Amino acid sequence: MKSICVCGKCGSPRLLQDAYVSVNDTSDVRTFDNTLCEDCDYDGHDIRNVEVPDEFDIAGDTYVLPKP
């Protein structure tokens with residue numbers, strides 16, 4: 001099992017954050033609190049940490065959120 005972050009609205013693990021990358025030192029990367037779901041365009045105010053199997057494919061799989 002591995003722990004990943006998913007969108008709290010649709011379960012997608014394809015989340016994006018704004019970032020700053022230094023041109024002269026690419027190891028200097030800083031992320032900001034703006035998060036966006038690539039699949040549903042949700043603004044990212046509900047990001048959930050979940051456990052998924054090791055073979056879970058972040059590029060193609062979607063986590064099934066439990067019913068409230």
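Predicted model: local features only at pLDDT ≥ 70, side-chain atom pairs only at ≥ 80, totals over all residues.
Residues are numbered from 1 along each chain as its sequence is written, and side-chain values use heavy atoms, with hydrogens and water left out.

**Exercise 1. Cysteines**

Classify cysteine 5 and cysteine 7 by accessibility, and determine how many disulfides the structure holds.

Solution. 
Step 1. Cysteine 5 has a relative accessible area of 36%, so it is partly exposed. Cysteine 7, at 0%, is buried.
Step 2. A disulfide is a covalent bond between the sulfur atoms of two cysteines. The criterion applied here is a pair of cysteine sulfur atoms within 2.5 Å.
Step 3. The search of the whole structure finds zero disulfides. For cysteine 5, the nearest cysteine sulfur is that of cysteine 7, 11 Å away. For cysteine 7, the nearest is that of cysteine 40, at 3.9 Å.

**Exercise 2. Serine 12 and arginine 14**

Locate serine 12 and arginine 14, then list polar contacts of their side chains.

Solution. 
Step 1. Strands (E, at least two residues) and helices (H or I, at least four) are DSSP runs numbered from the N terminus. Serine 12 is in the loop between strand E1 (2–7) and strand E2 (15–21), and arginine 14 belongs to the loop between E1 and E2.
Step 2. Serine 12 is buried because its relative accessibility is 1%. Arginine 14 is buried as well, with a value of 15%.
Step 3. A polar contact is a pair of N or O atoms within 3.5 Å; within protein, one must be able to donate a hydrogen and the other to accept it, and residues adjacent in sequence count only if both atoms are side-chain atoms. The side chain of serine 12 makes such a contact with the side chain of aspartate 39 at 2.6 Å. A polar atom of the serine 12 side chain also lies 3.0 Å from the backbone nitrogen of arginine 14.
Step 4. The side chain of arginine 14 is joined to that of aspartate 39 by a polar contact of 2.7 Å.

**Exercise 3. Isoleucine 58**

Describe the position of isoleucine 58 and its contacts.

Solution. 
Step 1. Isoleucine 58 lies in the segment after strand E4 (47–52). With a relative accessible area of 38%, isoleucine 58 is partly exposed.
Step 2. Contact means heavy atoms within 4.5 Å. Apart from neighbours within four places in sequence, isoleucine 58 is in contact with Ile4, Pro13 and Arg14.

**Exercise 4. The nonpolar core**

Identify the residues of the largest nonpolar core.

Solution. 
Step 1. A nonpolar core is a set of buried Ala, Val, Leu, Ile, Met, Phe, Trp, Tyr and Cys residues joined through side-chain atoms within 4.5 Å.
Step 2. The largest core has five residues: Ile4, Val6, Val50, Val52 and Phe56. E1 and E4 each supply at least two residues of this core.

Conventions
Buried < 20%, exposed > 50% of the residue type's maximum accessible area, 1.4 Å probe, protein only.
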